[in-house]
Amino acid sequence: MMVAKQYIANMFNSTLQRIEKFPIIILVLVFIITYFKVPFIFFQQDEWYGFGNLISYGSDLIFHRFAQGDINHLVPIHNLIYLIFFKYFFLNHIAYNIAGLLIHLLNAVFVYKIGQVLFNSNKFALFTAVLF
């Protein structure tokens, strides 16, 4: 019985050591498996509202809320990026979803890097990034 417990403990530790060698690859694989079908989802309310604002305001959308005095959700860089996407992709929601997912993946990698610094451990950093 003790030999079996030791074998399982050794197997678990060796798996964790292998995981620590390729954390970014594992993070990307978890991301792909989790969000595989998301680019093809159409969030009708959000998409039509966003597209309507892009069509209505054009480049004024970048500082739209600032001009109205409603700066509780001022995101000019986000608005600029989506304005550029709109010029290239127009109403192709799949391209927007893929771009949004890639930005989220980049954020997860940043969370992983910050986790490495804070926890001084690849295991906890990877766990934190996956939860993010």
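These questions and answers cover the fold, a surface patch, a pocket and a few residues of a predicted model.

Q: What makes up the secondary structure of the protein chain?
A: Seven helices and zero strands. From the N terminus on, the order reads α-α-α-α-α-α-α.

Q: How much of the protein chain counts as buried?
A: The chain has 132 residues, and 26% of them count as buried. The cut-off for that label is under 20% relative accessible area.

Q: Why is Ile33 called exposed?
A: Exposed means over 50% relative accessible area. Ile33 has 67% relative accessibility, so Ile33 counts as exposed. Ile33 sits in helix 2, which spans residues 23-34.

Q: What makes the nonpolar surface patch?
A: Phe22, Ile25, Leu29 and Ile33 make it, with an area of about 430 Å². Patch residues need over 30% relative accessible area. Ile33, at 67%, is therefore past that cut-off.

Q: Why is Phe110 called partly exposed?
A: Partly exposed lies between the buried limit of 20% and the exposed limit of 50%. Phe110 has a relative accessible area of 46%, so the label is partly exposed. Phe110 belongs to helix 6.

Q: Where does Phe110 stand relative to Ala129?
A: Their C-alpha atoms are separated by 8.3 Å. Along the chain, the two residues are 19 residues apart.

Q: Which residues line the second largest pocket?
A: The lining consists of Leu27, Val30, Phe31, Thr34, Tyr35, His104, Leu105, Ala108, Ala129, Val130, Leu131 and Phe132. Helix 2, helix 6 (93-119) and helix 7 (122-131) are the elements that give two or more residues to this lining. Helix 2 provides the largest share, four residues. The pocket has a volume of about 190 Å³.

Q: How do the lining residues of the second largest pocket divide into nonpolar, polar and charged?
A: Ten are nonpolar, two are polar and none is charged. Charged means Asp, Glu, Lys or Arg.

Q: Why is Asn120 called exposed?
A: The cut-off is over 50%. Asn120 has a relative accessible area of 70%, so Asn120 is exposed.

Conventions: Residues are numbered from 1 along each chain as its sequence is written. This is a predicted model: local features need pLDDT of at least 70, side-chain atom pairs count only at pLDDT 80 or more; totals for chains, interfaces and linings use all residues. Side-chain values use heavy atoms; hydrogens and water are left out. Patches are made of residues with over 30% relative accessible area and no salt bridge: like charges are joined within 9 Å, nonpolar side chains (Val, Leu, Ile, Met, Phe, Trp, Tyr) within 5 Å. Accessible areas come from the Shrake-Rupley method with a 1.4 Å probe; for residues, only the protein chains shown count as cover. A salt bridge is a side-chain nitrogen of Lys or Arg within 4 Å of a carboxyl oxygen of Asp or Glu. Buried means under 20% relative accessible area, exposed over 50%, partly exposed in between (1.4 Å probe, protein chains only). On a 1 Å grid over the protein atoms alone, a cavity is a set of points where a 1.4 Å probe fits but cannot get out, and a pocket is an open set with protein on both sides within 12 Å along at least five of seven lines; lining residues have an atom within 4 Å of a point. Grid points are joined across faces, edges and corners, and a volume is the space filled by probe spheres set on the points.
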